[in-house]
Protein chains: 2
Amino acid sequence: MPPSKQRARSAQDKELRSKEFLQAARELALERGVREVTLTAVTARVGLHPSALRRYYESREELLLELAEEGWSSWQAGLVSGLGDAHAVSADEAAGIISGSLEALPLFCDLLTHAVLSLEGAVRLERARRYKTAAFAAYDAMTNAMVATISGLDREGAQTVLTTAMSTAAYLFQVSRPTATLKQLYATEPRWAHDALRFREQLTALLTTVILGAQQQTRELATDPRP
Amino acid sequence: MPPSKQRARSAQDKELRSKEFLQAARELALERGVREVTLTAVTARVGLHPSALRRYYESREELLLELAEEGWSSWQAGLVSGLGDAHAVSADEAAGIISGSLEALPLFCDLLTHAVLSLEGAVRLERARRYKTAAFAAYDAMTNAMVATISGLDREGAQTVLTTAMSTAAYLFQVSRPTATLKQLYATEPRWAHDALRFREQLTALLTTVILGAQQQTRELATDPRP
C-alpha cells in the first residue's frame with residue numbers, strides 16, 4: 001500500500017493511529033519474529049511514511065516495549081484465570097497451567113528475550129519505569145494467585161517458579177523456532193529435533209520439577225523454623 | 001591502529017591470524033556485550049581491513065558462534081572440575097558449584113542468548129552441525145559428571161537441572177547488565193535493583209530448588225517403579 005493516509009488530527013484519531021502501528025508490529029513480529037521487525041516494515045503495513053510513526057513512538061524499541069508491556073498483562077490474565085479459584089493444585093497440574101499460559105502467548109515469549117536484551121534499556125527512563133512498574137505488578141498478581149491455589153507453595157517458592165518460568169520460556173521459545181537451515185539439520189539428527197521442538201512439553205516437565213522443589217522447601221521451613 | 005599488516009601466507013600464520021580475530025572479538029564482547037560486536041570493530045582492533053576477516057569467517061555470526069563453541073568446552077571443564085570426584089554432593093552445594101561455573105564465564109552467558117536467538121541459525125548447515133555436536137558433547141559430559149557426584153540425581157534429573165541452568169543463566173545474565181538509563185532507574189527503586197543485580201545468588205537459589213525437585217522425582221521413581 002502506498003503512503004497515502006492523512007495525518008491523524010483529533011485525539012481519537014491519534015489513539016486509533018497508535019493502535020494501528022501496534023497491530024502492524026504485532027502481526028509482523030508473529031510472522032517473522034521480533035528480531036526482524038523494522039520501523040519501515042511497520043509503517044509500510046499501515047500505509048504511511050516512516051516519519052509518521054515517530055510522532056507516536058520514538059524508536060523501534062519503544063514500540064516493541066509497548067507490546068511487551070501488553071504481554072505481561074495478557075500473561076497475568078491468562079495465568080490467573082487458568083488457576084481460577086482452585087485449591088491445592090498439584091505440581092504437575094500447576095506446571096501444565098503455567099506452561100499453557102505461556103504457550104498461548106508466542107509473541108510475549110519472543111519479547112521476553114528482547115525486553116532484557118535490548119528493549120527496556122533503550123528507551124527513556126520514564127518509559128522504562130512504566131514498563132517495569134507494569135511487569136512487576138503482573139509478577140506480583142501472579143505470585144499471589146499461585147500462593148492461593150497451588151498446593152504447599154509459599155511466596156518465595158512462587159517467585160522462584162515464576163522466575164524460572166519466564167527465563168526458561170524465553171530461552172526454549174527461541175530454541176523452538178529454528179531457521180530453515182536448522183530445520184534441515186534437525187531432520188538428520190532426531191535427538192537435536194527432540195530437544196529443540198517440544199516447547200510446551202519441556203517447559204511443563206521443568207516447571208513440575210521446580211514446583212516439587214519449592215514445595216519441599218516450603219515444608220522444610222514450616223517444620224524447622226529458623227530462629 | 002591503521003590497517004597495515006600483511007596478509008597471512010603460511011598455514012601457521014593463518015592459524016595465528018584466525019586466533020587474533022577470535023581474541024579481538026572476545027575482548028570487544030566482554031567490554032561492550034556480544035550485541036555490540038561488529039566485524040568492523042573486530043578487524044580494526046586487529047589492525048586489518050574488514051575484507052581480511054572474510055577469508056577466515058564468513059560472517060559476524062560465524063565468528064561469534066566459534067566463541068560460543070569454545071564456551072561450551074570451557075563450561076564443561078569448569079563444571080566437571082568443580083564437581084571433582086566428590087560423592088553425594090548436596091543440592092545447595094551443587095547449585096553453588098553450577099552457578100559458580102557459569103559466573104566464571106560471562107562471555108559464554110552472554111553468548112547463550114545470542115546463540116539461540118541468531119548465531120546458530122545464521123551459519124551454513126555444516127558449521128551449525130559442528131556447533132551442535134560440540135554443545136551436545138559438553139552437555140552429555142556435564143550430565144554424566146552430575147549423575148556421578150550429586151546426591152540422588154538420575155540422568156533425567158541432571159538434564160533438567162542443566163537445561164534450567166543454561167536458560168536461566170542466559171536470561172538472568174542479560175538482566176544483570178543494565179544500561180546507564182536502567183542503572184539510574186534502579187538507583188531509585190531498590191526492589192528492581194535487588195531483582196536485577198544478583199546473578200550468582202539468584203541462580204544458586206533457583207538451582208537449589210530445581211535440584212531438590214529432581215532428587216524427589218528420582219526417589220519417587222526408585223520406590224514406585226512404573227510397570
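Guide: In this predicted model, the lining of the largest pocket takes at least two residues from each of helix 5 (91-103), helix 10 (190-196) and helix 11 (199-223) of chain A, and from each of helix 8 (155-175) and helix 11 (199-223) of chain B. Helices are DSSP runs (H or I, at least four residues), numbered from the N terminus.

Visitor: Which helix gives the most to the lining of the largest pocket?

Guide: Helix 11 of chain A does, with eight residues. A pocket is an open set of points on a 1 Å grid over the protein atoms alone where a 1.4 Å probe fits, with protein on both sides within 12 Å along at least five of seven lines; lining residues have an atom within 4 Å of a point.

Visitor: How many residues line the largest pocket, and which lie nearest its centre?

Guide: It is lined by 29 residues, with A:A205, A:T209, B:E156, B:T160 and B:Q217 nearest the centre. The volume is about 790 Å³.

Visitor: What lines the second largest pocket?

Guide: Its lining has 26 residues, and A:E156, A:T160, A:Q217, B:A205 and B:T209 lie nearest its centre. Helix 8 and helix 11 of chain A, with helix 10 (190-196) and helix 11 of chain B, each give two or more residues. Helix 11 of chain B contributes the most, seven residues.

Definitions and conventions: Residues are numbered from 1 along each chain as its sequence is written. Chains are lettered from A and ligands numbered from 1 in the order in which they are written. This is a predicted model: local features need pLDDT of at least 70, side-chain atom pairs count only at pLDDT 80 or more; totals for chains, interfaces and linings use all residues. Side-chain values use heavy atoms; hydrogens and water are left out. Grid points are joined across faces, edges and corners, and a volume is the space filled by probe spheres set on the points.
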